[in-house]
Amino acid sequence: MIDHLISGYGLAEHYASFRAIDIPVLELTHDTEALHSALASSALESVEQDGADVIVLGCTGFLGCAEAIHDALSDVGYKIPVVDPIPATVYMAEALVKLGLTQSGVTYPYPDKKPIRGFQIPGFETSQ
């Protein structure tokens, strides 16, 4: 499924691999040391076996784990970025807002206004 999505997004030539760890999502917070160890081991395999030059964490449950993975990779000589998707998303959204950027009105125009039907709210005009 992941390979299909990567291909569909046109990123196949920049993609090294997908790896899963054997820790259920609901158990991610039970043993942080074991989680960090499993993620670091998986990341190291991706680097050494698949040629990964960046690690992108694929679960928001890994929030806060990027630094531990980065440090573990650095300890064995690999200076590569580890992307935590939550802060990356928040900072990207913040940058877009600060820059005043929005979607293209040509490619993604706002839809025509439609009347609201089915109920009336006093003082609310339904043809907005």
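1. A nonpolar core, as meant here, is a set of buried Ala, Val, Leu, Ile, Met, Phe, Trp, Tyr and Cys residues joined through side-chain atoms within 4.5 Å. In this predicted model, the largest such core has 17 residues, and Ile 55, Leu 57, Phe 62, Ile 69 and Leu 73 have the most contacts inside it. Helix H2 (32-50) and helix H3 (66-75) each supply at least two residues of this core, with H2 giving the most, at 4 residues.

2. Now for the chain as a whole. The protein chain has 4 helices and 2 strands, and from the N terminus on they run α-α-β-α-β-α. Its radius of gyration is 22 Å, well over the 14 Å that the globule rule gives for 128 residues, so the chain is more spread out than a compact globule. Along the principal axes, the C-alpha atoms fill a box of roughly 65 × 35 × 30 Å.

3. Of the 128 residues in the protein chain, 18% are buried. Among contacts with a separation of 6 or more, 52% involve residues 24 or more positions apart.

4. Last, the surface and the charges. The accessible surface of the protein chain is about 9,800 Å², and carbon and sulfur atoms account for 58% of it. The chain carries 6 positive and 17 negative side chains, with the centres of the two sets 19 Å apart.

Terms used. Residues are numbered from 1 along each chain as its sequence is written. This is a predicted model: local features need pLDDT of at least 70, side-chain atom pairs count only at pLDDT 80 or more; totals for chains, interfaces and linings use all residues. Side-chain values use heavy atoms; hydrogens and water are left out. The radius of gyration is taken over C-alpha atoms; the globule rule is 2.2 Å times the number of residues to the power 0.38. Buried means under 20% relative accessible area, exposed over 50%, partly exposed in between (1.4 Å probe, protein chains only). Contact means heavy atoms within 4.5 Å. Accessible areas come from the Shrake-Rupley method with a 1.4 Å probe; for residues, only the protein chains shown count as cover. Lys and Arg count as positive and Asp and Glu as negative; His and the chain ends are not counted. The place of a charge is taken as NZ of Lys, CZ of Arg, CG of Asp or CD of Glu.
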